[in-house]
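Please keep the sequence and the model side by side while reading.

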Amino acid sequence: MSYQSHGLFKQVCEEFALRLDLSLKELADHLGIDRHTLSNLVKKQTGMSFRHWSQGQRLDRACRVLLESPTSTIKEVAFSAGYRSPQVFVRAFRRQHEITPSAWRDREGPSVRRNAAGLRTTTTT
């Protein structure tokens, strides 16, 4: 990995984090590079296609929002994670986590704590 490609990939990550709804073409146009160059860069840096990498970035953001904003609706989480449709978001989330976003938030949310060994424990109120 060259320093130049590492710097460009860092820029790609930063720009994509600001606008998770961007497609490969839209992001490439925004950065002023060819979409094939962008696609190859992401593949070289991550070992994943742009589609899989961007999906992972969106789902990571969705997980953070689910935990940090427990009152957010699934529609709000979907849009904040760059999805244009809550239905598409729920399908992608289920494919990745094998559980719905709401059920995941209930399972991983504020009532779930980790003990000193890192094991999950639930608090009762």
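Which residues form one aromatic cluster? They are F9, F16, F50 and W53. The model is a predicted one.

## Aromatic pairs

Searching the whole structure gives seven aromatic pairs. One of them joins F16 and W53. This pair is tilted, with 5.1 Å centre to centre and 40° between the planes. F16 sits in helix α1 (residues 3–18) and W53 in helix α4 (residues 50–68), so the pair ties together parts that are 37 residues apart in sequence. F16 is buried, and W53 is buried too.

Y83 and F89 also form an aromatic pair. Their rings are tilted, at 5.3 Å centre to centre and 55° between the planes. Both Y83 and F89 are buried.

## The buried side of α7

Helix α7 covers residues 101–108. Its buried residues are P101, W104, R105 and E108. These four lie on the same side of α7, because they cover an arc of only 100° around the axis.

## R105

R105 belongs to helix α7. What is the nearest side chain of opposite charge to R105? That is D106, 5.4 Å away. R105 has no salt bridge, although R105 is buried. A salt bridge would need a side-chain nitrogen within 4 Å of a carboxyl oxygen.

The R105 side chain does reach the backbone oxygen of S69, at 3.2 Å. Setting aside neighbours within four places in sequence, R105 is in contact with L66, S69, P70, T71, S72 and I74.

Key
Residues are numbered from 1 along each chain as its sequence is written. This is a predicted model: local features need pLDDT of at least 70, side-chain atom pairs count only at pLDDT 80 or more; totals for chains, interfaces and linings use all residues. Side-chain values use heavy atoms; hydrogens and water are left out. Buried means under 20% relative accessible area, exposed over 50%, partly exposed in between (1.4 Å probe, protein chains only). Helices (H or I, at least four residues) and strands (E, at least two) are DSSP runs, numbered from the N terminus. The arc is that of the directions from the helix axis to the C-beta atoms. Rings of Phe, Tyr and Trp (its six-membered ring) pair if their centres lie within 6.5 Å; planes under 30 degrees apart count as stacked, over 60 as edge-to-face and the rest as tilted. Lys and Arg count as positive and Asp and Glu as negative; His and the chain ends are not counted. A polar contact is a pair of N or O atoms within 3.5 Å; within protein, one must be able to donate a hydrogen and the other to accept it, and residues adjacent in sequence count only if both atoms are side-chain atoms. Contact means heavy atoms within 4.5 Å.
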